[in-house]
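Dear colleague,

Please read the definitions along with the values.

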Amino acid sequence: MDTTGTLDEALQRLHASGPERLGRLTNHAPMAVEALAARGRGAAVHRWLDLYASRLEEFPTAVERITDAGWRSALGDPRRAADWIARFGRELDERPWRDVLALWWPRLLPGMYGGSTHPVIRVGHAVRTLLADDSTGPRLTELAHGLGYWAARHRPVTDPVPVPGARSAAAALDAVTPLDRREGGFPARLGRVGSLPVWAAAVTDPAEAHRRLTELVRAATHRYATHGHGDPTMLVHAATAPNAVLRTLPALPRALWVPSLRAAWTASAAVTAMYAPDAPAPYVPPGDVTPEEVFERALAHGDEHVVKLTDTALDVGDERAFAAALRAVGLSEPLR
């Protein structure tokens, strides 16, 4: 983890910007710079930000203070993003960040599908940096921004009809039926997900939930190596969303681990249904590369989704995960 202060400087720079741009697209910069810092590329953080800067928009205007009595009515209202960020800023000033996270995680978890799962991913990056060092203001502020974005974009999904699944996460993802109409944006497609395979539904033990979630992240990352061409950008989230949940578990009470697994499976499987290709591509081994070389290629490419998928691939840490990262490099448009 970055110990030079570069990440804190970058986060301060970014907190003048809003969580979205062009009305709905996500500001990925806080997540990407955290990944760069976590992977020892702090020297590249501000250079990367300079390339991304044209995509940043001003912080949104506040509407009305969110109170204890009125927070439920503001949940899922993207116009209230500034209000929600301010609310979490106040809470984090008053209580330890783990206590705030433990209170709000079960409230927000049913709506982790809003914002194309980016809010929970941003929270996962924020938690990772806080677990490494929670003594700096910008890192706590980043958690406030992530939780606030999640609350503003909170979107539950109707429980999909369970259909036969499989024992392993990889086989269960293979059993996902793609949507008949794979067109439109994320919200429209999400509304058409009516059924998903059953997987890990009988898990009740927190330790087993952690193991299964690790398995899911590995399976979704591996799958990108042969299925990422279905949508090179959106299928990244089938891996990065559950990995954000996995990264957050150590900061949460163990009683929340099982529901976290279930929400993460729904997210990963739904993204798979929404963007899966008609047929897989042949698997291409990554060759003799080190993790450092894989991440260096992602950094040279620069696309924020490539950087974040590669960050997850390095968590998985095996050949097929490296192949997925390099596949993302080959499929995606570089940052210019």
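A pocket here is an open set of points on a 1 Å grid over the protein atoms alone, where a 1.4 Å probe fits, with protein on both sides within 12 Å along at least five of seven lines, and lining residues have an atom within 4 Å of a point.

The model is predicted, so local features need pLDDT of at least 70 and side-chain atom pairs count only at pLDDT 80 or more, while totals for chains, interfaces and linings use all residues. Residues are numbered from 1 along each chain as its sequence is written, and side-chain values use heavy atoms, with hydrogens and water left out.

The lining of the second largest pocket divides into four nonpolar, 11 polar and seven charged residues, with Ala, Val, Leu, Ile, Met, Phe, Trp, Tyr, Cys and Pro counted as nonpolar, Asp, Glu, Lys and Arg as charged, and the others, Gly among them, as polar. At least two residues of that lining come from each of β2 (25–26), α10 (186–190) and α15; helices (H or I, at least four residues) and strands (E, at least two) are DSSP runs, numbered from the N terminus.

The largest pocket holds about 410 Å³ of space, and among its 20 lining residues Asp159, Pro160, Arg262, Trp265 and Thr266 lie nearest its centre. Its lining divides into 17 nonpolar, one polar and two charged residues, and α13 gives the largest share, six residues.

Ser116 lies in the loop between α6 (97–108) and α7 (118–132), and is buried, with a relative accessible area of 10% (buried means under 20%, with a 1.4 Å probe and protein chains only). Leaving aside residues up to four places away in sequence, Ser116 touches Arg24, Phe186, Met234 and His237, a contact being heavy atoms within 4.5 Å.

Gly302, in the loop between α14 (291–301) and α15 (304–316), is also buried, at a relative accessible area of 4%.

Best regards

Definitions and conventions. Buried means under 20% relative accessible area, exposed over 50%, partly exposed in between (1.4 Å probe, protein chains only). Grid points are joined across faces, edges and corners, and a volume is the space filled by probe spheres set on the points.
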